[in-house]
Amino acid sequence: MPATIPSSGDYVLARVRLPEILIDGTMKLPSVAGFANADIHVASGRIASISTAGTSPAPGDIVRVDMRDGIALPRFVDVHTHLDKGHIWARSPNPDGTFLGARTSVAADREAHWTAADVTKRMDFALRSAFAHGTGAIRTHIDSIFNQTAISWPVFAEMRETWKGRVAMQASALFPVEWAIDDEPQFRSIVATVAQHGGIIGGLTFMGEPPTVKLERALDRVLQAADAHGLDLDFHVDESDSEHARTLELIALAALRTKFKGRIVAGHCCSLSLQNDVDRARVIERLGEARLAVVSLPMCNMHLQDRTKGRTPRWRGVAPLHELDAAGIPVLVASDNTRDPFYAYGDLDMLEVYREATRILQLDHTERPWPRLLSVAPAEIMRLDGGGNIRTGMSADLVLTSARTWNEMLARPQTDRTVLVAGCAIDGTLPDYRELD
C-alpha cells in the first residue's frame with residue numbers, strides 16, 4: 001500500500017504524480033515528462049482541489065498523506081468482458097486450447113449449469129475481483145441464445161443495481177447475427193430484452209467464411225433494429241486468422257448504408273492484421289467514415305489465435321492498433337474472457353491488460369497517448385459521465401500506486417495499489433477461488 005488513507009474523508013494527497021493525458025484538459029498544471037506533480041485535496045469524498053505540489057493547505061490545517069511521487073490513476077474502465085462465462089475453467093476446461101474447443105466447452109457448460117444462481121455467483125465473484133483491482137465501469141457481453149436470454153439478462157439487471165455506486169455496468173447481447181434473417185422471432189425477442197434492460201445490441205459475425213449477401217442483409221436488420229430503439233452496437237468481428245474474414249468492412253458499409261446514428265464497437269478484428277496493405281488501408285478508411293471504434297483483446301487473442309498442436313504460433317492475434325490509431329479510429333483494449341475455455345487466465349485487472357498490451361502491441365517507443373486506454377478512451381465510447389479522467393469536483397475515485405514512472409508502473413503488477421472510492425480506501429482483498437468450488 002503506497003500510503004495509509006485517513007478514514008475522515010478530509011485530507012491531502014501530497015506529492016502525487018498525475019499522468020497529464022488522464023487529467024481534465026481544462027486543468028493547467030506544470031508537468032515534467034508527461035506527469036503533473038500535484039497535491040489533491042479530498043473533502044467529503046470528492047476532489048475539492050488539485051494544485052501544484054506544495055501549495056495545498058498547511059499540515060496543521062489538514063492531514064497530509066505523502067505519496068512520495070507515486071502515480072495516481074482514475075479508476076479503470078473495462079469495455080469488453082464476459083461476466084456470464086467467467087470462472088468455469090475448473091469444471092469445463094478447453095480440451096485442446098483451440099477456438100472450436102472453447103466454443104464446444106462453453107456450449108456444453110451453458111446447457112448443463114447456467115442457472116440464474118450459477119450466473120449470479122460467478123458474475124459477483126468476477127465483479128469483486130474487478131472492483132478490488134480498481135475498475136469503476138465495465139461492459140459485459142451476455143450469451144443471448146434461446147432460453148439463456150431470459151435467465152442471464154435479469155441477473156445482469158440485478159447485479160447492475162447491486163453494484164450501483166461501486167461499478168457502473170453495461171451489457172451487450174451476444175448471438176449469431178444471421179438470426180436476424182434465419183430466426184426472426186428469436187431476434188425480435190433478443191432486441192426486446194435488450195431494449196427493456198437498456199442494453200446494447202451485439203452479435204457474432206461469421207468467423208471465417210467469405211462475405212455474403214445474406215450477411216449484408218442481416219447486418220442491415222441488426223442496425224435498423226438498434227436505430228429504432230436508440231441503442232448502440234457492440235459486435236464480435238473477424239476473430240480468426242482466415243484471409244476470408246472480411247466482415248469488419250461490411251459492418252462499416254452497413255452503418256453508412258443505413259445512416260446509423262448510434263455508436264458501434266467492433267471487438268477482436270484479428271484478421272485485419274493479416275490483410276495486405278491496400279485492403280487494410282481501405283477497410284480503415286471505411287471505419288473512419290462510419291465512425292466505428294475497435295477494441296483489441298490482446299491477452300485472450302494472443303493466447304487463442306494461431307494455435308496448432310506442436311507448432312509455435314507465428315503471429316500475435318491482435319488488431320493493427322497503431323495503424324487504426326494513426327488514422328483517427330478510436331481504439332481500445334480490454335480484458336475479454338477470464339478463466340473460461342476461451343482464456344484460462346486473467347482476473348479483470350485493467351492494469352494487467354494495459355501492461356500486457358504494451359508488450360504485445362508494442363505501445364512503448366511512441367508519442368501516442370496510449371494511457372488513455374485505461375479509462376478515458378473506453379469511457380468516451382461507453383458514454384460515461386466524467387469521461388474517465390481526473391478533475392476537480394469529481395468523486396475521489398482513484399487508484400494510488402508506488403510507481404513513479406510508466407516504466408516502474410509496467411515492470412511490476414502493482415499489487416500494493418490502493419483503490420479509493422468516494423475518498424475511502426476499499427478492502428482490496430481478492431475473493432478466494434474456493435468460493436466457486
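1. Gln-148, Thr-149, Ser-152, Trp-153, Val-155, Phe-156 and Met-159 are the buried residues of H3. They cover an arc of only 160° around the axis, which places them on the same side of H3; the arc is that of the directions from the helix axis to the C-beta atoms. An α-helix has 3.6 residues a turn, so residues three or four places apart point the same way.

2. The model is predicted, local features need pLDDT of at least 70, side-chain atom pairs count only at pLDDT 80 or more, and totals for chains, interfaces and linings use all residues. Residues are numbered from 1 along each chain as its sequence is written, and side-chain values use heavy atoms, with hydrogens and water left out.

3. H3 covers residues 148-162, and its 15 residues should span 21 Å at 1.5 Å a residue; the end C-alpha atoms are 21 Å apart, which agrees. The expected span is 1.5 Å times one less than the number of residues in the helix. Helices (H or I, at least four residues) and strands (E, at least two) are DSSP runs, numbered from the N terminus. The cover over the buried residues of H3 includes helix H1 (99-113), helix H2 (116-133), strand E8 (135-143), strand E9 (168-174) and helix H5 (184-196). Contact here means heavy atoms within 4.5 Å.

4. On the chain as a whole: there are 13 helices and 17 strands. The radius of gyration is 22 Å, close to the 22 Å that the globule rule gives for 437 residues, so the chain is as compact as a globular protein of that length. That radius is taken over C-alpha atoms, and the rule is 2.2 Å times the number of residues to the power 0.38. Along the principal axes, the C-alpha atoms fill a box of roughly 70 × 50 × 50 Å.

5. Of the 437 residues, 57% count as buried. The chain exposes about 18,000 Å², with carbon and sulfur atoms supplying 51% of that area; accessible areas come from the Shrake-Rupley method with a 1.4 Å probe, and for residues only the protein chains shown count as cover. Among contacts between residues at least 6 apart in sequence, 78% join residues at least 24 apart.

6. Met-350 is an example of a contact across the sequence. This residue lies in helix H11 (residues 350-360) and is buried, with a relative accessible area of 0%. The C-alpha atoms of Met-350 and Phe-76 are separated by 6.4 Å, although the two residues are 274 residues apart along the chain. Leaving aside neighbours within four places in sequence, the contacts of Met-350 are Phe-76, Val-77, Asp-78, Thr-135, Val-333, Ala-334, Ser-335, Leu-373 and Leu-374.

7. Seven of the nine residues of strand E1 (residues 11-19) are buried, so E1 is largely enclosed by the rest of the structure. E1 pairs in the parallel sense with strand E5 (residues 63-66) over four bridges, and Ala-14 stands opposite Asp-66 in E5. E1 also pairs with strand E3 (residues 35-43), in the antiparallel sense over seven bridges; Val-42 in E3 is the bridge partner of Tyr-11. Two strands pair if DSSP finds at least two bridges between them.

8. Four strands form an open sheet in the order E6-E15-E16-E17, with antiparallel pairing. Strand E6 (72-74) and strand E17 (424-425) stand at the edges with a single partner strand each, so one side of each is left without a neighbour in the sheet. Strand E16 (residues 418-421) is joined to E17 by two bridges, and Val-421 stands opposite Cys-424.

9. Strand E11 (residues 233-237) has five of its five residues buried, so E11 is largely enclosed by the rest of the structure. Leu-233, Phe-235 and Val-237 are on one side, with Asp-234 and His-236 on the other. Five bridges join E11 to strand E12 (residues 264-268), and the two run parallel; Asp-234 stands opposite Val-265.

10. E11 and E12 are also among the elements that cover the buried residues of helix H7. H7 (residues 247-258) reaches 16 Å from its first C-alpha to its last, close to the 16 Å expected for its twelve residues. Its buried residues are Thr-247, Leu-248, Glu-249, Leu-250, Ile-251, Ala-252, Ala-254 and Ala-255. Lys-259 follows H7 and has a positive phi, near 55°.

Key: Buried means under 20% relative accessible area, exposed over 50%, partly exposed in between (1.4 Å probe, protein chains only).
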